[in-house]
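Subject: Structure handover

Hello,

Please find the structure below. My notes on what was found in it follow.

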Amino acid sequence: MTGTLITVAPTGAESDKADVPALPVTLDELVTTAKECEALGASIIHVHIRDAQARPTLDQGRLRATVTALRESTGLIVQLSSGGAVIDPESDRLAVLDAGPEMASCTMGTVNFGDGVFLNRWEFIVGLHTRMQDRGIVPEYEIFDLGQLTTLQRLLSRHGLPFGGHVHVDLVMGVPGGMPGTAAALVACEQVIRDLPEGTTFSATGIGRSTLPVMLASLSAGGHLRVGMEDTVTYAKGRPVESNMQLVARAVGFAQLAQRPPLSPNQARELLGVPS
Ligand code: KMH
Ligand code: ZN
């Protein structure tokens, strides 16, 4: 068993800065968060950005500046979200790949997402996957429900392996409308992941109150971890999250207890097929 990949997802597109003041929304806040999370043991940063009014945006200039700043200030693998917010058009989501990330997310199907719908048509999925192959970007396949793993099997069998040849999936569990954030659901996913190409790795994150059960289940099942304020803004009952670092520190502690210490960013690159 290898060590643990720890991804930090610090911002997301769903929480308002007004409701969650600790959310990093400016480039300075994001870079400071990234450096501190790297020092604690994170190896990947999953990035959503905000505009000058702290609203979610896929503005190309801001995305490029963010990738550059994170690459200059940290060794973290920079993974841009191609998911954006549920209202973002497909064209803007595809254009995220023009901002030059090492990795990008690639969601494997449509899912109800709270009161909205996170739309991911088959043709759009194929477009993201093949464009990433062409541009040398390593995908992280986002899985919100069990059937999306079979969509991934279909994608790989029809359109080939991702750039780098390694398949990595992230189970996003406990979204209202998606699979539950439970150990049983994680084990069901892990059984299907066995049918994906040999060596496929997975991480998992549980939204809201499913954070802890999903983290413990993932470590127990040989998976990796994603944590951050994109996914949870409550540390414990009645205690708001103080910072992304608090969530990363807790994940590092659990990984060490499991005797699977955090992988460095370069070890993560080696595992995921991301060029150094
Ligand atoms: N904000 C969600 C609608 C991703 O980053 O790729 C989509 C999401 C997934 O967060
Ligand atoms: Zn995201």
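**Helix packing, ligand shell and overall shape**

Helix 1 passes helix 2 in a right-handed crossing, where right-handed means that the near helix is turned clockwise from the far one by less than a right angle, and left-handed anticlockwise. Helices (H or I, at least four residues) and strands (E, at least two) are DSSP runs numbered from the N terminus.

This is a predicted model, in which local features need pLDDT of at least 70 and side-chain atom pairs count only at pLDDT 80 or more, while totals for chains, interfaces and linings use all residues. Residues are numbered from 1 along each chain as its sequence is written, and chains are lettered from A and ligands numbered from 1 in the order in which they are written.

The axes of helix 1 (residues 27-40) and helix 2 (residues 60-73) come within 10 Å and cross at roughly 35°. Axes are lines fitted to C-alpha atoms, for helices over the stretch in contact, with angles from 0 to 180 degrees between N-to-C directions. On the helix 1 side, Leu27, Leu30, Val31, Ala34 and Lys35 meet Ala65, Thr66, Ala69, Leu70 and Ser73 of helix 2 (contact: C-beta atoms, placed from the backbone, within 7 Å). By class, this contact has seven nonpolar, two polar and one charged residues. Ala, Val, Leu, Ile, Met, Phe, Trp, Tyr, Cys and Pro count as nonpolar, Asp, Glu, Lys and Arg as charged, and the others, Gly among them, as polar.

Helix 7 and helix 8 pack at about 35° with their axes 10 Å apart, and this crossing is right-handed. Met215, Leu216 and Leu219 of helix 7 touch Ala251, Phe254 and Ala255 of helix 8; six residues of the contact are nonpolar, with no polar and no charged ones. Just after helix 7, Gly222 has a positive phi of about 85°.

Ligand 1 is surrounded by residues that include Ser81, Ser82, Gly83, Phe113, Phe118 and Glu142 (near: C-beta atom, placed from the backbone, within 6 Å). The shell divides into five nonpolar, six polar and one charged.

The chain has nine helices and 14 strands. Buried residues make up 48% of the chain (buried: 20 or more other C-beta atoms, placed from the backbone, within 10 Å of the residue's own).

Regards

Definitions and conventions:
Contact = placed C-beta atoms within 7 Å. Buried ≥ 20, exposed ≤ 12 C-beta atoms within 10 Å, placed from the backbone.
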